Structure formats: C-alpha cells, structure tokens
Amino acid sequence: MFVTSGYRHTIALIVHTLLKAGDRVWLENPGYPPTRELFRHMQIATVPVPVDRDGLVVSDGIRQAPGACAAVVTPAHQSPLCVSLSLPRRQALLDWAAGNDAWIIEDDYDGEYRYVSRPLPALQSLDREGRVLYAGTFSKVLFPSLRLAYLIAPEAEVARFEEMTEAMAAGSPELTQAVVTAFITEGHFARHIQRMRRLYAERREMTAAGLESVLAGHVSIDSQPGGMHLILRLLGERSDRELVALMRREGLYAEALTDWMIEGEAAPALLLNFTNIDSQRTAETLARRILKLL
C-alpha cells in the first residue's frame, strides 16, 4: 500500500508510473470534474463513457475506445449518480482490462456509506490478472484537512510505484499516519463508521421527507443505496445551473448535475448534501427557501 496526500496525488502517482502523454482513459459520464481536469493537465486524453442504472456502460467504452490504456470507475457508489456497478459489468470491465493490458483505477468513493445493505466488495477482490489499482481516502470518513489517502497496487507493479514514490517525494506526515493507524487498530475507526452510517441514514431519510413535503411537484428525489448527497431531479424546463447560481447568492449550496457531464446533456438536477441537516423541520425550512427561488 502506498500512502498519498489525497485523491489528486493518487491519480498523479498512477499517471506518472503507468501512463504517458497521449494515452486514452475512460471516464464515467457524468463523473467527478477534477478527475478530467487533472488528466487534461497531464496530457492524457479522456473518453466519456455513459453511466446507467447498472453503472459504467462497458460496451460503450469498448465501442468508443477499445484500445484505451485505463478506466477510472467508482463501482461501489458511482459519483455522482450513486448507482453500483453490476456484477456482469464488473466482469466485463475486468475482461476488457485483461485482454488489452489496460488498468482499472477503482476509486472507492463513499463506499463506506451504504444504507440499504452491507458495503459491496471491492472490484479489486474479483481481479485475477493484476489490473486493478484500488484508491481510497480518509477525507470524507474522517475529515478533509487530514490529507491522507492510499493506493493498493498490483503486486507486480509495486517496484515501479516505489521508484516513482521516491522520485515524487510527497505523501503524508508520519505522525499523521501513526495516529490514524492507532485509531484503526484499536477499533475506533470501525465504530466511527458504524455510528456515522446510522446517523447519515437517519439524516438522509429526514432530509428527503422534508424536501418532498414542500417541493412535491417541483422535484423528484432519486432512490439511492448510499452516499452523502441527494439527487433532486427538477421537473419542468428549469436550468439546474441557473438555480444553483440563485441558491448560492442566497447562502445555499448545491451543485448542478450538468456541471458533472463531460459531454452531452443531463436531465437538470441538484446534488444536495444532507449530512448537516439535523431534522425534518430544518429540511423543510431549506425547501421553502428553494421553493421561493423556483
């Protein structure tokens, strides 16, 4: 395992170790905007691959760019649509990578916060050919300023990653690593995750109920298995970007799903965090403020 200072550092480490300028990489569409910006700065060509209710549409990626060198996926909990990559899609993705000597970068985005069942096994657990690089971070499960993330590389590539890690000379302070290690080994981390999973499940339910009670007829809320945000689909012709801009001027924060698209159009929707909503009444108050803007 290699320790990094965050998701962006992890991606940079992978690119410098395994890829080169001009290589093509599949990205989920919609997907996390900083990922495509990071690849663009590193002169890596990105191929937007659509996502449906079963996750990344692997067949579409193969149709567009069968010879791509890598794919970046969030299989446990897709960012931002919150769907999980189905088992047939996981196997198809692994088969493609094995047959083309390509890499799969598995970003375990919000994987700990699944509320309808136990967290799903990592895609890497199905990998028999050493093609999956598993990336995780403590930013959301502990706190962002910790600047602590990790990468689990295939055994055959460890020496190459060791060499590049030494060359880049960047990571996280040893004291921070030691504190988090003790936090995990003493069982505090597992208890923390269980406690936060219960709390966020309650807050998600309260937030959805409060928003629906006020905004029914204006939005529909996606049913999601996990995550830390809700997806509010806007009914009618309203622009999600325009609504987000209005909300921010009123001291409210949301993100427009349209801004997460690499190409093409998405049905207008808001990405709205619920983890700081402490009651249904608070959610209703928030909803009334949004209703005025609608």
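Predicted model: local features only at pLDDT ≥ 70, side-chain atom pairs only at ≥ 80, totals over all residues.
1. Residues are numbered from 1 along each chain as its sequence is written, and side-chain values use heavy atoms, with hydrogens and water left out.

2. Strand 10 covers residues 229–234, and five of its six residues are buried, so the strand is largely enclosed by the rest of the structure. Buried means under 20% relative accessible area, exposed over 50% and partly exposed in between, with a 1.4 Å probe and protein chains only. Helices (H or I, at least four residues) and strands (E, at least two) are DSSP runs, numbered from the N terminus.

3. Strand 10 has pairing partners in strand 9 (residues 219–221), over three bridges, and in strand 12 (residues 269–273), over five bridges. The pairing with strand 9 is antiparallel, and so is the pairing with strand 12. Two strands pair if DSSP finds at least two bridges between them. Ile221 has Leu232 of strand 10 as its bridge partner, and His229 is bridged to Asn273 of strand 12.

4. The aromatic pairs number eight. Rings of Phe, Tyr and Trp (its six-membered ring) pair if their centres lie within 6.5 Å; planes under 30 degrees apart count as stacked, over 60 as edge-to-face and the rest as tilted. Phe2 and Phe161 form a tilted pair, at 5.7 Å centre to centre and 40° between the planes. This pair links distant parts of the chain, with Phe2 in strand 1 (residues 2–4) and Phe161 in helix 5 (residues 158–168), 159 residues apart. Phe2 counts as buried at 10% relative accessibility, and Phe161 is buried at 0%.

5. Tyr134, Phe138, Tyr150, Phe183 and Phe189 make up one aromatic cluster. Arg131 lies over the face of Trp103, 3.9 Å from the ring centre; a charge sits over a ring if NZ of Lys or CZ of Arg is within 6 Å of the ring centre and within 35 degrees of the ring normal.

6. Asp23 sits in the loop between helix 1 (7–18) and strand 2 (24–29), and counts as buried at 7% relative accessibility. A polar atom of the Asp23 side chain lies 3.0 Å from the backbone nitrogen of Lys20. Leaving aside neighbours within four places in sequence, Asp23 is in contact (heavy atoms within 4.5 Å) with Ile44, Ala45 and Cys69.

Methods: Polar contact = N/O pair within 3.5 Å; in protein donor to acceptor, adjacent residues only side chain to side chain.
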